[in-house]
Amino acid sequence: MTGLNKKRLLLGVSGGIAAYKSAFLARLLIKAGAQVRVVMTQGAQAFVQPLTFQALTGNPVHTGLLDPEAEAGMGHIELARWADLIMIAPTTADLMARLATGQAGDLLTTLCLASKAPVHLAPAMNQAMWQHPATQRNAQLLTELGYTLIPPAEGEQACGDIGAGRLPEPEELFSWIENFFKASFLESGQPEPTKKLGEGLRITITAGPTQEPLDPVRYLSNHSSGKMGYALAAAAAEQGAEVQLISGPVNLAVPTGVNCTQVITAAQMLDACEKLRSTTDIFIACAAVADYRAEAVADQKMKKQANQDELILKLVKNPDILATMAKATVDKHKSRPFCVGFAAETQQVEDYAQDKLVRKNLDAIVANDVSDSSIGFGSDENRVTLFTRSDQQINRQALPQSSKQVLGQALIAKLLAFYKEQQAL
Ligand code: PMT
């Protein structure tokens with residue numbers, strides 16, 4: 001564990017020959033446990049491919065302000081709110097000038113205006129450009145505006161000139177970032193320097209399958225691996241929420257900072273959820289709960305009968321955990337949790353999801369097309385559509401296919417933002 005563990009770094013890269021050094025910096029940050037999201041200007045992409053950063057950070061690279069797909073994943077405002085620190089390395093003379101005049105013509109400059117996180121700039125350019133009075137005036141202006149400038153290194157430049165203007169080595173930039181977090185910690189006495197969306201909220205999440213026993217050795221279940229629910233729990237904890245995970249039997253490690261209650265059957269899952277109902281602000285039902293269980297569970301292993309080719313099992317309906325949690329409370333002073341369901345469907349996915357949203361009295365539902373084996377049960381990736389409901393209005397947002405971790409972060413950010421909007425009404 002380092003002081004950078006779980007810190008959220010937005011790494012901006014603008015167009016200079018030193019852009020390659022940022023790839024090394026991204027690697028160092030990831031190795032230190034930081035979460036890194038990269039934003040590249042158009043110029044930067046002429047020097048390094050976005051794919052390099054995507055491979056190093058495990059996250060899609062953000063390149064455009066008006067990219068509907070990127071906005072659907074993690075929109076620019078969410079990205080601006082997400083960051084604990086924005087580091088732009090290299091920062092070109094042109095980017096300095098645009099930041100100094102408060103321009104927002106591309107994604108990176110927009111993020112700098114929209115974010116409350118500290119912004120550190122590592123200028124890198126030809127030594128004469130660095131010394132030019134216009135650049136020096138911009139450096140001064142930027143400092144007055146609250147940006148932190150990392151002095152460029154001196155030495156031989158890519159163009160053959162000698163002087164100040166080189167981007168410091170990745171290790172130096174890394175120490176700079178490490179020191180910034182150390183200093184923030186000492187100053188505030190808090191482990192996290194900036195406020196997170198989930199702070200002060202209690203979130204309960206169900207995950208995985210349930211197993212409904214038939215006899216001591218057999219059960220009814222499904223293919224849920226728990227990956228989606230665990231990714232949501234990790235993302236909610238990263239946002240500072242107090243997270244209770246109610247998990248069916250899966251083979252996954254409990255994410256850091258998450259409290260987990262292990263259950264087997266739907267009845268046990270309902271019991272665990274109901275115990276938390278009055279202390280839950282947001283309830284997210286991601287578990288694939290068996291809709292039916294055996295009416296009677298055999299005490300001993302059921303024996304195969306030589307003269308019996310068929311076995312008829314009588315099943316009875318399980319309680320609906322989500323609908324129970326979402327039921328309006330009789331006592332007006334005790335509000336029900338804000339409830340989010342998942343709808344795993346193989347056909348008419350969006351229609352069925354919206355039907356469940358209304359029928360189960362939910363605030364939001366995530367529609368998951370499980371007919372596609374690359375998304376849904378057991379897969380590492382997912383692609384979903386989020387429906388939110390306020391008054392009689394239903395809003396639809398499609399989230400592009402990505403790892404369950406990235407999707408979990410995007411969903412949690414969107415749900416927390418929607419929850420806060422509703423609370424403010
Ligand atoms: O676990 P993974 O392998 O990562 O797969 C993820 C997933 C496909 C399981 C997940 O993304 C998902 O879609 N979960 C919901 C699965 C499901 O049971 O959907 P449903 O449409 O049958 O149920 C609708 C909602 O009611 C769900 O929120 C479910 O948790 C809830 N429910 C259903 C039945 C029941 N008895 N109690 C419930 O709470």
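The views below show a predicted model, in which local features need pLDDT of at least 70, side-chain atom pairs count only at pLDDT 80 or more, and totals for chains, interfaces and linings use all residues. Residues are numbered from 1 along each chain as its sequence is written, and side-chain values use heavy atoms, with hydrogens and water left out.

**View 1. The second largest pocket and its lining.** This pocket (an open set of 1 Å grid points over the protein atoms alone, with protein on both sides within 12 Å along at least five of seven lines; lining residues have an atom within 4 Å of a point) holds about 550 Å³ of space, a volume being the space filled by probe spheres set on the points. Its lining comprises 22 residues, and those nearest the centre are Ser335, Arg336, Pro337, Phe338 and Asp363. Helix 15 makes the greatest contribution to this lining, with three residues. By class, the lining of the second largest pocket has five nonpolar, nine polar and eight charged residues; Asp, Glu, Lys and Arg count as charged, Ala, Val, Leu, Ile, Met, Phe, Trp, Tyr, Cys and Pro as nonpolar, and the others, Gly among them, as polar.

**View 2. The largest pocket, whose space the ligand takes.** A molecule sits in a pocket if more than half of its atoms lie within 2 Å of its grid points. The largest pocket contains about 910 Å³ of space. Of its 44 lining residues, Ala287, Ala288, Val289, Asp291 and Phe342 lie nearest the centre. Elements that each give at least two residues to this lining include strand 8 (202-207), strand 13 (282-285), strand 15 (315-317), helix 14 (349-359) and strand 17 (364-369). The lining of the largest pocket has 23 nonpolar, 13 polar and eight charged residues.

**View 3. The shell around the ligand.** There are 28 residues around the ligand (a heavy atom within 4 Å), and Ser225, Ala287, Lys356, Asn368 and Gly378 come nearest. Strand 16 (338-345) gives the largest share of the shell, four residues, while helix 11 (227-238) and helix 13 (321-326) are also among the elements that each supply at least two. The shell consists of 14 nonpolar, eight polar and six charged residues.

**View 4. The largest cavity.** Four of its residues are nonpolar, three polar and two charged.

**View 5. Backbone geometry at Pro90 and Lys6.** The peptide bond from Ala89 to Pro90 is cis, with omega near -5°, and Pro90 is placed in strand 3 (residues 85-91). Lys6, although not a glycine, has a positive phi of about 70°; Lys6 lies in the segment before strand 1 (8-13).

Definitions and conventions: 1 Å grid on protein atoms, 1.4 Å probe; cavity = no way out; pocket = protein on both sides within 12 Å on 5 of 7 lines; lining within 4 Å.
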